[in-house]
Amino acid sequence: MDDIIREGDPVLRAVAEPVEVPLQNQDREALQCMMQFLKNSQDPEMSAKHKLRSGVGLSANQIGLSQRMFVMYLKDDNGKNVEYTWVNPKIISHSLAMVYLPESEGCLSVDRPVHGFVPRYESVKVRGFNLKGEVITQKFKGYQAIVIQHEMDHLDGIMFYDRINKENPFKLPQDAEIRSLYEQKGK
Ligand code: SB7
Ligand code: NI
C-alpha cells in the first residue's frame, strides 16, 4: 500500500498521457505488476500479510505513472474471475440510463469514507489496446461498467467524489433515468 499514491498528489489530478503502442517492456512490466497487486489484494493470506486494501481496479497514475492505462480484476456475472488490461481506452458509446452503487464507491487512493451516489452509465462500450497491443472493443454493464468508468476518470484526473452532488450527496441527477445497481431494470 505504501506504493499507492494518495489524494493530494498532483499526479492524480493530471490528465494522463497516451501510451506508446506496441508496448515498451517497462510499460508492460508496470501493467503486470499492477495486476499482481490486485490479485494479491484479493487473496486473504497475501492481503493480511502485506496489509493490503482489496481492490478491483488500479490505474497507472495510482502508482505514480501518468499514463493512460489501467487493470481490472473482478468477478463477472457468473462469479468467474476475469482480468482486463486496458491501454489508451476510449468510451466509444454508452447507454443513456445510469446506475449508482448504493454503498458509494471507494478508492485505494482515498483513505477516508466518502458517502454519496456517483452516477455512472449503466453500460459502456470501450475500445483500446490490451497487453499484447491488440485492439479490443468490449461492452460492459453493471458493476464492471462502474469500475471501468471509475478507472477511466482516473486517467483524466477525476476522482469519484467529484461526481457526487455537492449540496446533497444522495441527490440523483434529474435529467437522467437512474437506478441503484441492485434494483430491477425499469422499476
Ligand atoms: C468501487 C470500487 C472501485 C471502482 C468503482 C466502485 C475501484 C476501487 C479501487 N480503485 O481505487 C481503483 O481506481
Ligand atoms: Ni480509484
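**The shell around ligand 1**

Modeller: The shell around ligand 1 divides into five nonpolar, five polar and two charged residues. This is a predicted model, and every value quoted below is computed from it. The members of the shell are Val 56, Gly 57, Gln 62, Leu 101, Glu 105, Gly 106, Cys 107, Leu 108, Ile 146, His 150, Glu 151 and His 154. Helix α3, which spans residues 142-155, gives the most to this shell, namely four residues.

In the side chain of Gln 62, an N or O atom is 2.8 Å from an oxygen atom of ligand 1. For Glu 151, a polar side-chain atom lies 2.8 Å from an oxygen atom of the ligand. The corresponding distance for His 154, again from a polar side-chain atom to an oxygen atom of ligand 1, is 2.9 Å. Taken alone, ligand 1 exposes 360 Å², and the protein buries 93% of that area. As to location, the largest pocket is where ligand 1 sits.

Beyond the ligand, the charged side chains may be considered. Side chains of opposite charge can pair when their charged atoms come close. With a cut-off of 4 Å between a side-chain nitrogen of Lys or Arg and a carboxyl oxygen of Asp or Glu, the count comes to 11 salt bridges. One of them joins the side chains of Lys 39 and Glu 83, with an N to O distance of 2.8 Å. Lys 39 belongs to helix α1 (residues 25-41) and Glu 83 to strand β3 (residues 81-94), so this pair ties together parts that are 44 residues apart in sequence.

Two features of the backbone complete the account. Most residues other than glycine have a negative phi, and most peptide bonds are trans. The peptide bond from Val 21 to Pro 22, however, is cis, with omega near 0 degrees; Pro 22 is located in the segment before α1. Asn 88 is a residue other than glycine with a positive phi, near 50 degrees, and its place is in strand β3. Strand β3 is also the element that holds Glu 83, the partner of Lys 39 in the salt bridge described above.

How values were computed
Residues numbered from 1 in each chain as written. Chains lettered and ligands numbered in written order. Predicted model: local features only at pLDDT ≥ 70, side-chain atom pairs only at ≥ 80, totals over all residues. Heavy atoms only, no water. Near = heavy atom within 4 Å. Polar contact = N/O pair within 3.5 Å; in protein donor to acceptor, adjacent residues only side chain to side chain. Areas by Shrake-Rupley, 256 points an atom, 1.4 Å probe, with all protein chains shown as cover. 1 Å grid on protein atoms, 1.4 Å probe; cavity = no way out; pocket = protein on both sides within 12 Å on 5 of 7 lines; lining within 4 Å. Sits in = over half its atoms within 2 Å of the grid points. Helix = DSSP H or I, 4+ residues; strand = E, 2+ residues; numbered from the N terminus. Nonpolar A, V, L, I, M, F, W, Y, C, P; charged D, E, K, R; others polar.
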